[in-house]
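Me: I am new to reading protein models. Please take me through one, feature by feature.

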Amino acid sequence: MPNPFRNLPSVNQLLEIEPLKKMVKTVNHNVVADGVRTFLDDLRTQVSNAAEDIAIPTASEIATRVADWLEKSEQPALRPVINGTGILLHTGLGRAPLCSDAINAVSDIASGYASVELDLASGSRGQRIRAVESILCELTGAEAAAVVNNNAAATMLALAALASGKEVVVSRGQMIEIGGSYRLPDVMKCSGCELREVGTTNKTHPADFENAIGENTGALLKVHPSNFEVVGFTRSVSLEEMVHIGSQHNIPVIDDVGSGALVDFSRFGLSDEPVVSQSVKQGADVVLFSGDKLVGGPQCGIIVGKKKHVQRILRNPLMRAMRVGKMTLAALNATLLCYRNQDLDGNQIPLLRMLSIPSENLKLRAGRIAEQIEHLSGFKSAISEPCQSMLGGGSVPTQQIDSWCVSMETESMSVDALANQLRNGEPAVIGRIHNDRLVLDLRTIHPQYDILLVELLSKVVG
Ligand SMILES: *Cc1c(COP(=O)(O)O)cnc(C)c1O
């Protein structure tokens, strides 16, 4: 029996053939040689396991395939994505896109040194929070501020700094889990606090808090139930009621508002999101929120509140482990300045811009795109239709936002295969699958991508 491997080229032979020959000059030689070896091993296994003879590719075919494969594996795992899911604050897709001022600020600051902890006016050492403290205080009405890696960190830090070794009183109706491993009882434990649950799932009364307060009470915690809603026979204790109880016993009240609206989102048709300045005004000692949810800025956790509490937080050793870098500070400051300039209807902040696009506008785009896809070969149908976008990121779970999408079906490809191909495209496109059709919601797709989308679909299916 003839040896089927006899015709396989050697590693050294392959490295002399284009495009590998060129690749060896730009990519580390060992990486290319290892790639070739792995590819040849795979090929040998395939040939050995094949039931009948399979054609061995020519040396030049092998070289091309190895080069393609190596190029693919060079691509970073973190890549830009066109978000057709209609989920505006998609945690898996990095939540809020940054505004152009923030991008420019990051670019300026990232490439060199910056006055992160230096007060340029006096030449003395300053605290890094100064970069954003005054604007945060101005926008929220608070006395002081701190910024950490995310809101989960803000919660842990506030609890550890203000109530470690003590009891923290929380309503049973607010005992939340938000994605992944973020569960309030666990966070509490990690912060060294003892959880004291009061009330029931649907009803908690002020007296429940009153009765739970004792010598070892460290804080009262209110948590915005961001990702669910209790309806029907319910009673919760308002922040004002909690502040009243807290002040009588000299116990700080921590308010985790979650998404952290800096303006009233009812202007975008979304109600029920607590506004940070409201919380501050109602007397919360410390208010916690994310920077990349409704603020529309970089990932971070923002703490604002009364000076004496925020200073304890800033002085806690965990602060150092959770602090943010210069790029986050630069992006946050630039985002917050957009709010100061009250340019919310000019909508420099992408999240707010996406929220305020009229549906009519999306309908026009969806119609145009659907028509072009219909003309591509390989597509059975493409239509534009109304749909519902969602805020996501654990915000406003029950409120949907009217939108328009393109919904499509190919002639021979399954919807999963189509979604898979688009996800692996350049750039990647992520859609929704609904009723065996691929759906792209236009509210989360920047209009600059409309033409590119049709080109990508044509490439994938054609
Ligand atoms: C989203 C959320 C968090 C977690 O915030 P991250 O910035 O994702 O860490 C904590 N609490 C509430 C109420 C939230 O909605």
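Reply: Let's begin with Arg95, which sits in the loop between β1 (81-83) and α5 (100-110). Helices (H or I, at least four residues) and strands (E, at least two) are DSSP runs, numbered from the N terminus. This is a predicted model, in which local features need pLDDT of at least 70 and side-chain atom pairs count only at pLDDT 80 or more, while totals for chains, interfaces and linings use all residues. Residues are numbered from 1 along each chain as its sequence is written, and side-chain values use heavy atoms, with hydrogens and water left out.

Me: What is the phi of Arg95?

Reply: Phi of Arg95 is near 55°, a positive value in a residue other than glycine. Asn435 also has a positive phi, of about 50°, and is not a glycine. You will find Asn435 in the loop between β12 (432-434) and β13 (437-441).

Me: Is Asn435 buried or exposed?

Reply: Here is the scale: buried means under 20% relative accessible area, exposed over 50%, and partly exposed in between (1.4 Å probe, protein chains only). Asn435 has 64% relative accessibility, so it counts as exposed. Across the 462 residues of the protein chain, 47% count as buried.

Me: Which residues surround the ligand?

Reply: A residue is near a molecule if one of its heavy atoms lies within 4 Å of it. Around the ligand, these include Arg95, Asn150, Asn151, Ala152, His224, Asp256 and Lys293. Next, look for polar contacts, which are pairs of N or O atoms within 3.5 Å. A side-chain N or O atom of Arg95 lies 2.8 Å from a ligand oxygen atom, and one in the side chain of Lys293 is 2.8 Å from a ligand oxygen atom. Ala152 takes part through a polar backbone atom, 2.9 Å from an oxygen atom of the ligand.

Me: How much of the ligand does the protein cover?

Reply: Accessible areas come from the Shrake-Rupley method with a 1.4 Å probe. On its own the ligand has 380 Å² of accessible area, and the protein covers 94% of this. The elements giving two or more residues to the shell around the ligand are α7 (151-163) and β6 (253-258).

Me: How is the protein chain divided into domains?

Reply: Domain bounds come from an automatic or database domain assignment. Here they give domain 1 (11-74), domain 2 (81-90 + 355-461) and domain 3 (100-340). Taken over C-alpha atoms, the centres of domain 1 and domain 2 are 37 Å apart.

Me: Which residues does Val304 contact?

Reply: Contact means heavy atoms within 4.5 Å. Leaving aside neighbours within four places in sequence, the contacts of Val304 include Leu136, Thr140, Val276 and Phe289. Leu136 and Thr140 are among the buried residues of helix α6 (residues 130-140). The cover over the buried residues of α6 includes β2 (144-148), α11 (276-281), β8 (301-305) and α14. Just after α6, Gly141 takes a positive phi of about 80°.

Note on methods
A polar contact is a pair of N or O atoms within 3.5 Å; within protein, one must be able to donate a hydrogen and the other to accept it, and residues adjacent in sequence count only if both atoms are side-chain atoms.
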